[in-house]
Amino acid sequence: MNRTRSSLNKKSHQPTTRITRSASTQSQGKDPEPSLYGKQRKKQSDSGLTKELSQMSVNGQDGFSSSNGSHPENTSRTPGVRSESEAKPRSRGGLASVVRLMKLGRCKNVVVVAGAGISTASGIPDFRTPGTGLYANLEKYSIPYPEAIFNVDYFSNDPQPFFSLAKELYPGRHRPNYVHYFLRMLHHKGLLLRLYTQNIDGLEKSCGISDDKLVEAHGSFATASCHLCYTPYPADEAKLSIMNDKVPVCGFCSATVKPDVVFFGEDLPQKFFLNTEDFPKTDLLIIMGTSLQIEPFASLVNTVRSTVPRLLLNRDAVGPFQKSPLRRGDYMELGDLETTVRRFADLLNWTAEIEELMTREEANLPPLVSIPTPVPERSDSPMMSEVSGGEDTDSETDSKSSGSSHLSH
């Protein structure tokens, strides 16, 4: 019987639905069948919001064009869906339209769906950009394929590639950028219903977005636990071991401890299920800095009501924004994300407030953390809670070899 984190959680509130992180995606450029929300919705006549959208003129508001015009590869296709070569969507002036709605007071429950692209201006590469993305620069980790670095079965056999990457991603190594503070301003203005992020860098918290407004769908470094038996482990001790090239080991089953970052095949945190409450209430959905390649996160964008405006701020068109023509109420601005967000803030007359917020918050941030020089392991340590990288205790090796059969796909 598979053992899951949710089944071992002593704080479970109700029967838990399991959703695991998956690399497979929905068909790009096609809206899926109606979601469970769609089945419950009554067909609506044009609402005031829809009328506002239909009356908006976007003449002269051409958005940024993609620097290379490329789009992420589809990982799955549905017969009958038009290929990208048949119809390519154009960047369409969405900022002016959405700003008008916000100034009219029609967007009071804004949900943001964010990916790695919001952190590139902080010096953290995204995952899939050809040449510069994380997946294109993993040769030094000697892994069989890029996604293996977040594969729980591969980690069970060799945790060092992920730990090497974790040293670069641990909170404290980077600063929030303008995009993060724009999201903080949404929160400050009382407009942010929730921010759903795929990121594990912790920059949303660093810029001051409160826990109740944040869903870290793919986990974080804030806590740690055994990857096999899920026994909690002190996060600071795990970080100290990882930063010194040691492998933290569970004191209960001797398997490897890892930060509570969600790997492929692992359950998403229970907080992710807030989406079943949030998305039906959303009156503006902003999608930024994501390739919409990872499920179930990618499908969230299709669970808002059909009358809700969706704004994509991204380098490339992704997901349902790849089809042409776009759905009424869908808008996108393509190009450098920080540049686009600065323009968004300027149209909202928020620029001065955001700059003041950044100055105030950055003055209170702790100094950046550098990667320490590994400390030689003491041979006279009376009790070892970690092992040096590349060496497994007998009990850990046994636990790892038996762990593969217990792990989710």
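1. Y230 sits in the loop between strands β4 (219–226) and β5 (232–233); helices (H or I, at least four residues) and strands (E, at least two) are DSSP runs, numbered from the N terminus. Although Y230 is not a glycine, its phi is positive, at about 65°. The residue is buried, with a relative accessible area of 14%; buried means under 20% relative accessible area, exposed over 50%, and partly exposed in between (1.4 Å probe, protein chains only).

2. The model is predicted: local features need pLDDT of at least 70 and side-chain atom pairs count only at pLDDT 80 or more, whereas totals for chains, interfaces and linings use all residues. Residues are numbered from 1 along each chain as its sequence is written, and side-chain values use heavy atoms, with hydrogens and water left out.

3. The protein chain contains 13 helices and 11 strands. Of its 409 residues, 52% are buried. Among contacts (heavy atoms within 4.5 Å) with a separation of 6 or more, 77% are between residues 24 or more positions apart.

4. Some other backbone details deserve a look. D245 also has a positive phi, about 60°, without being a glycine. D245 belongs to the loop between α9 (235–243) and β6 (246–248), and at 31% relative accessibility it counts as partly exposed. The peptide bond from E295 to P296 is cis, with omega near 5°, and P296 falls in the loop between β8 and β9. Another cis peptide bond links S324 to P325, with omega about 0°; P325 is placed in the loop between β9 and β10.

5. Which residues of α11 are buried? They are L337, T340, V341, F344 and A345. These residues cover an arc of only 140° around the axis, so they lie on the same side of α11; the arc is that of the directions from the helix axis to the C-beta atoms. The elements covering them include α4, α7, β8, β9 (310–314), β10 (330–334) and α12.

6. Two packed helices are described by the angle between their axes and the distance between the axes. Helix α4 (residues 95–103) packs on α11 at an angle of about 40°, with the axes 10 Å apart. That angle makes α4 oblique to α11; angles under 35 degrees count as roughly parallel, over 145 as roughly antiparallel, 65 to 115 as roughly perpendicular and the rest as oblique. Axes are lines fitted to C-alpha atoms, for helices over the stretch in contact, and angles run from 0 to 180 degrees between N-to-C directions. From α4, the residues L95, A96, V98, V99, M102 and K103 meet T340, R343, F344 and L347 of α11.

7. Helix α7 also packs on α11, at an angle of about 35° and with axes 9 Å apart. On the α7 side the residues involved are Y178, V179 and F182, which meet L337, E338, V341, R342, F344 and A345 of α11.

8. Helix α12 (residues 351–364) has 14 residues and should span 20 Å at 1.5 Å a residue, which agrees with the 20 Å between its end C-alpha atoms; the expected span is 1.5 Å times one less than the number of residues. Its buried residues are I354, L357, M358 and E361. They cover an arc of only 105° around the axis, and therefore lie on the same side of α12. An α-helix has 3.6 residues a turn, so residues three or four places apart point the same way. The buried residues of α12 pack against α7 (178–188) and α11 (337–347). The face turned away from the buried side carries the exposed residues A352, E356, T359 and A363.

9. I286, in strand β8 (residues 284–288), is buried at 1% relative accessible area. Beyond neighbours within four places in sequence, I286 contacts V110, V111, V112, V113, L186, L311, L313 and F344.

10. L169 is part of helix α6 (residues 160–169) and counts as buried, at 12% relative accessibility. L169 and D201 are 32 residues apart in sequence, with 5.7 Å between their C-alpha atoms. Not counting residues up to four places away, L169 touches I124, I200, D201 and F221.
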